[in-house]
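Hello,

Here is the structure I promised to pass on to you. Please open it alongside this message, and my notes follow below.

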Amino acid sequence: MDVSLLDVLRCPFCGTRLDPVDNEALGRDGSRIVWGVLGCQCCAFPIVDGIPVLLADDPTRTAMHAMEAGRPDDALASLLGLDPAGAGRLRDLLQRGDATYRDALEIISPDAEGTYFIYRFSDPTFVLAETLVRAIGADRRRTAHVIDLCGGSGHLTRVLGELSDRPVVVADVYFSKLWLAQRFTAPGCVPICCDGNQPLPFARDTFSMVVLSDAFPYIWHKRLLAEEMLRLAGRNGTILMPHLHSSLGFNFSAGMTLTPEAYRDLFAPAQPRLFRDSDLLGDILGHTAIDLSRDVTPEQAGHEPSVTLVASRDTGVFRKHHVADPGALTGELRINPLYRVEARGARAQLTLAFPTPEYEEEFGAVRRYLPDSLTLDVDPRGPLTPAQFGAGYTDLRRRRILLDTPPNYC
Ligand SMILES: [Zn+2]
């Protein structure tokens, strides 16, 4: 973490400033603190491999003591949830120099959620969140200082980073996800490990945009988190919550859902507006504009499976936003990993192949933009460039057949 972060960081429990403790554990690299301990008036928290861990639980204390005893590698391994064998595999992988996000994920998170992360850049929920962020964030005043709450391994953080003049803060309770975000998905982001069920570790009025995509229904202390989001956004910040599962509709892995009316009421002081996700996704797949002038009442949201909530005093948010064509590459151009690719001479035969039946069941809506099979006039064995795809490039990007992924993604 950069020392400038200390200006906005506060203890989640006593609310006082956090300052680095001058002890053996302190490891600095210029203005960055990579290892060390942060102290407030009530508590102490570790910074492990650049990530402040603002939790007060036993694993965090164990990691802090390992670091203070001169064993930072043990502190990192324990927070990544790795046993000695796993830690060894990760160390070998990183020493190889060509480690990818997928390789690291297979060591750190070898489960269904890992699968979901690999394919995140094209799932319908992400497509919705990304388009909303790009539409609302096109006005730079709104993305002056952004936080991606419950941002996981940083897929949406990466998009926010393209729009924001300042490094994007990504907060999550899972240290391992943040570590992946920092290392692979969103380099340059500011990861903060903290719990959305507790007060958030930031000063009030800090962020011009507070984004929370997908995860709110999984939070038990929703009242607290809503109040905290309002506090961080202050009077002039914008709150964006794409894809809130509604208890009145059907959702896979729904979490602890509320009705659209209840979600709206939690954010009442900021006069939030609700949108039907099916309307917004329809706009996006129409490739022209996303219409935020069309908010609905909770009654009109009906049995819609999910809704999006937007709160802003900036009326410029609530209009029709042109959906821009994909811009210049920020990472590597690659074929969507949901396709099995066969090279046939100088052509590529693509066949949609879902990683698991469960993935297909939950995210089968990708079929609305990803065809079951197609042939591309490129040799898939070499690096890909936009020029190779000629006039069809923009459409292939819009439909997520081609993706702009971080370098070393998969
Ligand atoms: Zn404190």
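Let me start with helix α11, which spans residues 277–285 and has D277, L280, L281, D283 and I284 buried. These residues lie on the same side of α11, because the arc they cover around the axis is only 155°. Please keep in mind throughout that this is a predicted model.

What packs over that side? The buried residues of α11 are covered by elements including α6 (124–137) and β10 (238–245), along with β11 (273–276), β12 (289–291) and β13 (306–311). If you follow the chain just past α11, you will come to H287, which has a positive phi of about 65°.

**The zinc site**

Next, have a look at the zinc ion. Its protein donors are the SG atoms of C11, C14, C40 and C42, lying 2.3 Å from the ion. The angles that the four donor atoms subtend around the zinc ion run from 104 to 114°, so the arrangement is tetrahedral. For comparison, the ideal angle for four tetrahedral donors is 109.5 degrees.

Along the chain, the donors are spaced as C-x2-C-x25-C-x1-C.

C14, in contrast, is partly exposed, at 31% relative accessible area.

**Cysteines and disulfides**

How many disulfides are there? With a cut-off of 2.5 Å between cysteine sulfur atoms, the count is zero. C193, for example, is in no disulfide, and the nearest cysteine sulfur, which belongs to C194, is 7.0 Å away. C193 counts as buried, since its relative accessibility is 1%.

**The chain as a whole**

Stepping back, the chain has 14 helices and 19 strands. Its C-alpha atoms fill a box of roughly 60 × 50 × 35 Å along the principal axes. Among contacts between residues at least 6 apart in sequence, 66% join residues at least 24 apart.

Best wishes

Key: Residues are numbered from 1 along each chain as its sequence is written. This is a predicted model: local features need pLDDT of at least 70, side-chain atom pairs count only at pLDDT 80 or more; totals for chains, interfaces and linings use all residues. Side-chain values use heavy atoms; hydrogens and water are left out. Donors are N, O and S atoms within 2.8 Å of the metal (3.2 Å for Na, K and Ca); water is not among the atoms, so sites may look incomplete. Four donors count as tetrahedral if all angles lie between 85 and 135 degrees; four count as square planar and six as octahedral if opposite donors are over 155 degrees apart and all others between 65 and 115; anything else is irregular. Buried means under 20% relative accessible area, exposed over 50%, partly exposed in between (1.4 Å probe, protein chains only). Helices (H or I, at least four residues) and strands (E, at least two) are DSSP runs, numbered from the N terminus. The arc is that of the directions from the helix axis to the C-beta atoms. Contact means heavy atoms within 4.5 Å.
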